[in-house]
Amino acid sequence: MSSYLGAIDQGTTSTRFIIFDSSGHIVSVAQKEHEQIYPKPGWVEHDPEEIWRRLHEVMTEAMQQREIRPKEFAAIGITNQRETTVVWNRKTGVAVNNAIVWQDTRVEDAVAEFARDGGPDRFRELTGLPLATYFSGLKIRWILNNVPGVRQQAEAGDLLFGTMDTYLVWKLTGGQRGGAHVTDVTNASRTQLMDLHSLNWDKSQLDLFGIPESMMPRIVSSSEVYGLAQPAQVKDIPIAAILGDQQAALFGQTCFEPGQAKNTYGTGCFLLMNTGTAPVHSRYGLLTTVAFKLGKEPACYALEGSVAISGALVQWMRDNLGLIQKSSDIESLARTVNDNGGVYFVPAFSGLFAPYWKTDARGVIAGLTRYANKGHLARAVLEATAFQTREVLDAMELDSGTKLDSLRTDGGMVENDLLMQFQADILNRDVVRPAIKETTALGASYAAGLAVGIYKNLGELRQQWGADRSWKPHMEDATREQLYAQWKKAVSRSFNWLD
């Protein structure tokens, strides 16, 4: 019987293939990193062909670990780094340029250009998004305008656009030989090209950005069969779910009801709250996005607070400063001191995302004295993630009118007990870590399982969720507010760094 569900988790730094049983337990997992390419300051790229190769490797490895054959799978779901932009030739399958990663800031001038007429929120009513370097639309425009010969190919109908989900589904389902060119509503909602209400590409927006409609994938639901896999190791397995990584984590955390929220601590930090079947437009610097759409059912929406740098700051401490040997060492280094020693680290490496949306901000370390040491710096690195989460949560409660009792957490950093305790302290909320921590991949497998009938309904999935550990706040109110006020002061020092 086909009982396994596969999840492709194509992230910013690595690609994983995780095999789940129908109870949501991990059977096998394989992971491989890919190169981070930095051609210029503020530019971040990936080689899509390398990611495609890594996908083959991890699928093969995960299946060989348990000697699982393709016919034992019911379906495969995909979850992906969002906004990262690939343009490739539909005849050759070759990308015209490296993928431009969501963190990349090369379209700053275009953001300023479009903001001059109507301000940074001119597209917010239509798309739910402010003008920012983050989203895919201006990245497509940059490729068309800056890679020689590409615009002519696009206007001739020879080029396709996709975020990583689209690129991988197209390759998996046949590529040049009839591959499905699709993206789901969650990824489409991150392009700044989709009408948030109709869930269709907006012709006026495409024209304004100078993007031929022939490049765009068909928008589909997050849970349906898009085609059958063609590579030998996964031959004929249905590809049956697509969810952007943060929406997949929301789904994997079973936040199916309005007012339920989760925070994912990965390369960046992303807090999403389910707002139900009507979009809530933010007045406090959040994004309005699609949470998921199951088959023919109405779409569910979410408010999102996106923080660009969280786990990436720990990697920066490791790789650029050499203060730790591996990322997990950050906790023991931070525990060598009792507090941050007055040091605050604002990691505005790519500007500030929610709730500020300031592309001209840059990273600052504030409050340094001769007393400060590497332990204080490590603590400031961890606390930066918790402070940024507090800013987003404050905005989310104002926008939604809902006060959270607790915050469900996931992602690599939730293994850090010091961070989780400080997060509970600075939020003055319980922080809950789920029993199954791979919630992003789990969400993709859940959506695929629903599409092929492994699961009957959302209630069945709800019953599988359970808590592993909770942290309760212990900090005095006066201490909490003093720390937060100092953080706010440090953030203000990062503003307007670029002219």
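The legends below describe close-up views of one predicted model.

This is a predicted model, in which local features need pLDDT of at least 70 and side-chain atom pairs count only at pLDDT 80 or more, while totals for chains, interfaces and linings use all residues. Residues are numbered from 1 along each chain as its sequence is written, and side-chain values use heavy atoms, with hydrogens and water left out.

**View 1. The largest nonpolar core and phenylalanine 251.**
The largest nonpolar core has 100 residues, and among its members Tyr134 and Phe251 touch the most others. A nonpolar core is a set of buried Ala, Val, Leu, Ile, Met, Phe, Trp, Tyr and Cys residues joined through side-chain atoms within 4.5 Å. Buried means under 20% relative accessible area, exposed means over 50%, and partly exposed is in between (1.4 Å probe, protein chains only). Helix α12 (residues 374-400) provides the largest share of this core, 12 residues. Helices (H or I, at least four residues) and strands (E, at least two) are DSSP runs, numbered from the N terminus. A second, separate core has 37 residues, including Ala30, Val58, Ala229 and Val234. Apart from neighbours within four places in sequence, phenylalanine 251 is in contact with Leu243, Phe256, Phe292, Leu294, Gly443, Tyr446, Ala447, Leu450, Leu458 and Leu461. Contact means heavy atoms within 4.5 Å.

**View 2. Threonine 15 in strand β2.**
Strand β2 holds threonine 15, which is buried, with a relative accessible area of 0%. Its side chain is joined to that of glutamine 10 by a polar contact of 3.2 Å. A polar contact is a pair of N or O atoms within 3.5 Å; within protein, one must be able to donate a hydrogen and the other to accept it, and residues adjacent in sequence count only if both atoms are side-chain atoms. Leaving aside neighbours within four places in sequence, the residues in contact with threonine 15 include Asp9, Ala30, Lys32, Ile51, Leu55 and Val58.

**View 3. Histidine 376 in helix α12.**
Histidine 376 is placed in helix α12. With a relative accessible area of 2%, histidine 376 is buried. Not counting residues up to four places away in sequence, histidine 376 touches Val337, Asp339, Asn340, Gly341, Val343 and Tyr371.

**View 4. Arginine 177 in a loop.**
The loop between α6 (164-172) and β9 (182-184) contains arginine 177. Arginine 177 counts as exposed because its relative accessibility is 71%.

**View 5. The largest pocket.**
The volume of the largest pocket is about 1,100 Å³. On a 1 Å grid over the protein atoms alone, a pocket is an open set of points with protein on both sides within 12 Å along at least five of seven lines, whereas a cavity is a set of points where a 1.4 Å probe fits but cannot get out; lining residues have an atom within 4 Å of a point. Grid points are joined across faces, edges and corners, and a volume is the space filled by probe spheres set on the points. The lining of the largest pocket has 41 residues, and Tyr265, Gly266, Thr267, Gly411 and Gly412 lie nearest the centre. Helix α10 gives the most to this lining, with five residues. By class, the lining divides into nine nonpolar, 20 polar and 12 charged residues. Here Ala, Val, Leu, Ile, Met, Phe, Trp, Tyr, Cys and Pro count as nonpolar, Asp, Glu, Lys and Arg as charged, and the others, Gly among them, as polar.

**View 6. The second largest pocket.**
The second largest pocket holds about 730 Å³ of space. It is lined by 29 residues, of which Tyr38, Val44, Gln103, Ile309 and Phe349 are the closest to its centre. Helix α10 supplies the largest share of this lining, six residues. The lining has nine nonpolar, 11 polar and nine charged residues.

**View 7. The cavities.**
There are two cavities of 30 Å³ or more. The largest cavity has a volume of about 110 Å³. Among its 16 lining residues, Val307, Leu352, Phe353, Ala354 and Gln388 lie nearest its centre. Its lining has 12 nonpolar, three polar and one charged residues. The second largest cavity has a volume of about 30 Å³, and its lining includes Ala132, Ser350, Trp357 and Lys358.
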